[in-house]
Amino acid sequence: MIIPMARIRIVGPKTLLPPVTAALQEAGSVQVDSEDSDIARIRDDLPAARRLVPDEGERQARERLESLLDRVRKLLLLLPPEPEKPPLPAAPPPPPLPVDSDAASLAPLSQKLASVASRLEALLRKRRIHADELSLFARYDKVLRVLAPLIAGVRESRDLECTGLAIQAGERDALPLLEEALGRATGGHYEIFYRAVDRETMAGLLVFPREKAAAAKALLWERNIGELRLPASVADKPLGEALGIIRRKQAELPTKIARVDAEIAAFSRRWTDMLSSWRRALEARVARMQVSETFFETRETFLLCGWVPVEQLAPLQATLAARFGELVLVERLPIGKPEEHQVPVALRNGPLVRPYERFTRALPLPRYGTIDPTPLVAVFFPLFYGAIIGDAGYGLLLLAGALFVRRRYAANPLARDFATIFLWASLSATAWGFAYGELFGDLGERFGMRPLFLDRMKDFMANIAFALGIGVCHVLLGIGLGIATAVRGGHPWEVAVKAIGLLIVLAFLAVAAGVAGKLPPAAAWIGGVLLVAAVPALLLSPSRSAIMEFHNLVNILSYMRIMGIGVASVALAFAANKLVALSGSLAIGIPAAILLHVVNIAFGLFSPAIQSMRLHYVEFFENFFVGGGRPYVPFRSAP
């Protein structure tokens with residue numbers, strides 16, 4: 001249901017503006033909504049009223065608070081989330097924000113934040129250096145692992161120099177030419193060893209006399225052979241020594257990173273709660289400043305307009321009266337016709353109905369003064385879903401699944417809501433299963449189960465009549481709600497159009513019943529005359545879409561999908577049971593039948609839900625639902 005709203009105006013002395021704004025934020029029930037159009041009405045009583053303009057001091061205070069808020073938010077983003085741990089003893093409450101927002105009062109907080117930021121950035125920088133170094137060494141890991149035995153095999157000598165090579169697959173054909181050129185450059189005094197790193201890369205170790213180093217490296221550069229470039233921290237070391245340093249650091253760095261992580265985690269535990277508290281306090285204070293800029297003022301007073309749920313109005317008046325006496329006045333204003341579309345909308349439904357808001361909130365909010373369709377969906381969705389499934393066995397299995405999901409994911413609002421929806425839908429499917437005499441198709445017949453209401457596999461015409469009957473009732477209810485909405489909104493032409501739409505459906509039923517012999521033939525004639533007369537009546541109405549009232553007849557036919565999808569489901573269940581006999585083997589037939597039933601249940605989980613909601617969205621809501629409501633957003637502190 002849509003909660004009734006009251007339009008209010010609050011007036012008080014400007015000296016009480018900050019505490020009154022804080023009191024409204026604490027109350028959390030007022031949507032401050034001082035539109036520019038309100039100023040004209042206010043000026044009837046207070047000609048000097050104008051939009052409240054903060055002075056220079058207030059603007060600077062807001063800038064200081066917003067700057068501090070940005071710094072706190074950035075620190076909270078940098079701090080890692082704390083892992084799940086047993087609750088710690090209650091910590092002392094964090095120091096509150098200073099009451100004043102001048103630079104001197106906020107300086108200690110600013111200095112504290114600077115200190116926290118400096119320490120945190122130092123820790124993060126230290127971790128980043130270790131992680132980058134470890135990542136860099138990991139890039140050399142494969143090649144160095146291959147070269148390590150070769151390096152160990154090379155005799156240590158002050159006269160020899162080693163160079164690592166990383167040779168790609170496309171460069172291997174050039175190796176004979178390289179060796180030939182090396183022989184010329186070094187006078188044949190060199191050794192080169194190869195090892196495969198992977199399918200794409202080959203590692204090489206080139207050993208040559210130290211006095212030939214310049215010529216050998218120049219040759220590698222000319223032939224575009226990749227010389228292994230070591231990290232800067234070990235680039236000046238001989239290859240063998242560099243390898244040892246890298247290996248040692250690879251072993252040490254994870255420990256160093258873990259140590260820094262522990263420091264950061266301890267830092268996070270110490271500061272996260274305090275920073276979060278400051279963030280909430282700063283957000284609340286900035287929000288009060290922002291909202292006060294939407295108020296109106298005279299030289300001595302402030303004024304604001306807004307909305308509050310009717311049931312919250314008296315408590316609000318009592319709260320403000322207790323704190324400010326007669327200095328602050330809360331007036332309830334009449335809601336004029338031009339303001340009706342501005343009234344914010346808040347929905348409130350009971351615990352059994354609220355999960356169905358998942359369906360209705362897929363559409364825009366209903367406009368204030370119209371109808372919240374959620375309770376109607378809560379009634380008809382399980383009814384339609386159950387009528388389509390219509391199998392006691394399937395219903396009980398779906399019920400077990402819904403109970404499991406509801407219990408297993410109780411902390412997840414989305415899963416809990418849909419589990420509740422399907423809990424009632426599966427109960428409906430079970431009840432309809434007994435009405436149809438279906439338990440896993442015709443399996444129930446073997447245990448004496450018989451249809452109590454309708455045999456869907458045999459009573460074809462009755463099945464069609466049943467589906468159309470549901471459609472007639474649902475569409476007529478929708479038209480009736482449309483008439484009620486039009487009456488409440490004060491739209492006489494719309495009332496007349498909807499009444500003609502109701503007459504069209506009744507006249508068509510009279511024609512059908514007269515032709516089928518269920519009523520005297522005169523009923524068909526009267527119905528026909530009314531149908532013909534409805535055409536000019538609708539064409540003469542001011543609404544261009546009035547002629548679409550005839551569309552309700554098509555909408556009624558759309559409810560045959562209840563019969564169509566239902567018969568398809570029961571036919572598949574019957575086919576699954578027949579497989580056991582047709583297969584000639586229980587070992588083959590029973591698993592095949594179970595598989596087909598599982599497919600049918602999976603199909604029944606989605607298709608009946610989609611078709612049921614389609615009947616609501618398209619055929620039912622069309623006659624009464626008016627979207628476009630403004631959401632109710634009360635002024636309150638963030639949780």
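Good morning. The model is a predicted one, in which local features need pLDDT of at least 70, side-chain atom pairs count only at pLDDT 80 or more, and totals for chains, interfaces and linings use all residues. Residues are numbered from 1 along each chain as its sequence is written, and side-chain values use heavy atoms, with hydrogens and water left out.

Let us stay with β6. Helices (H or I, at least four residues) and strands (E, at least two) are DSSP runs, numbered from the N terminus. Strand β6 covers residues 201–209, and nine of its nine residues are buried, that is, under 20% relative accessible area, where exposed means over 50% and partly exposed lies in between (1.4 Å probe, protein chains only). Two strands pair if DSSP finds at least two bridges between them. Strand β4 (residues 160–168) pairs with β6 in the antiparallel sense over nine bridges. Strand β5 (residues 191–196) also runs antiparallel to β6, joined by six bridges. There, Ile192 stands opposite Leu206 in β6, and a hairpin of four residues links β5 to β6.

I turn now to the open spaces. On a 1 Å grid over the protein atoms alone, a cavity is a set of points where a 1.4 Å probe fits but cannot get out, and a pocket is an open set with protein on both sides within 12 Å along at least five of seven lines; lining residues have an atom within 4 Å of a point. Grid points are joined across faces, edges and corners, and a volume is the space filled by probe spheres set on the points.

The largest pocket has a volume of about 620 Å³. Of its 24 lining residues, Leu17, Pro18, Glu58, Met289 and Ser292 are the closest to its centre. Helices α1 (17–27), α3 (56–78) and α7 (239–292) each supply at least two lining residues, and the largest share, five residues, comes from α1.

The elements giving two or more residues to the lining of the largest cavity are α13 (460–489) and α17 (560–583). The largest share of that lining, four residues, comes from α17.

Finally, the cysteines. A search of the whole structure finds zero disulfides, a disulfide being a pair of cysteine sulfur atoms within 2.5 Å. Cys305 is buried, at a relative accessible area of 2%, whereas Cys473 is exposed, at 54%. Thank you.
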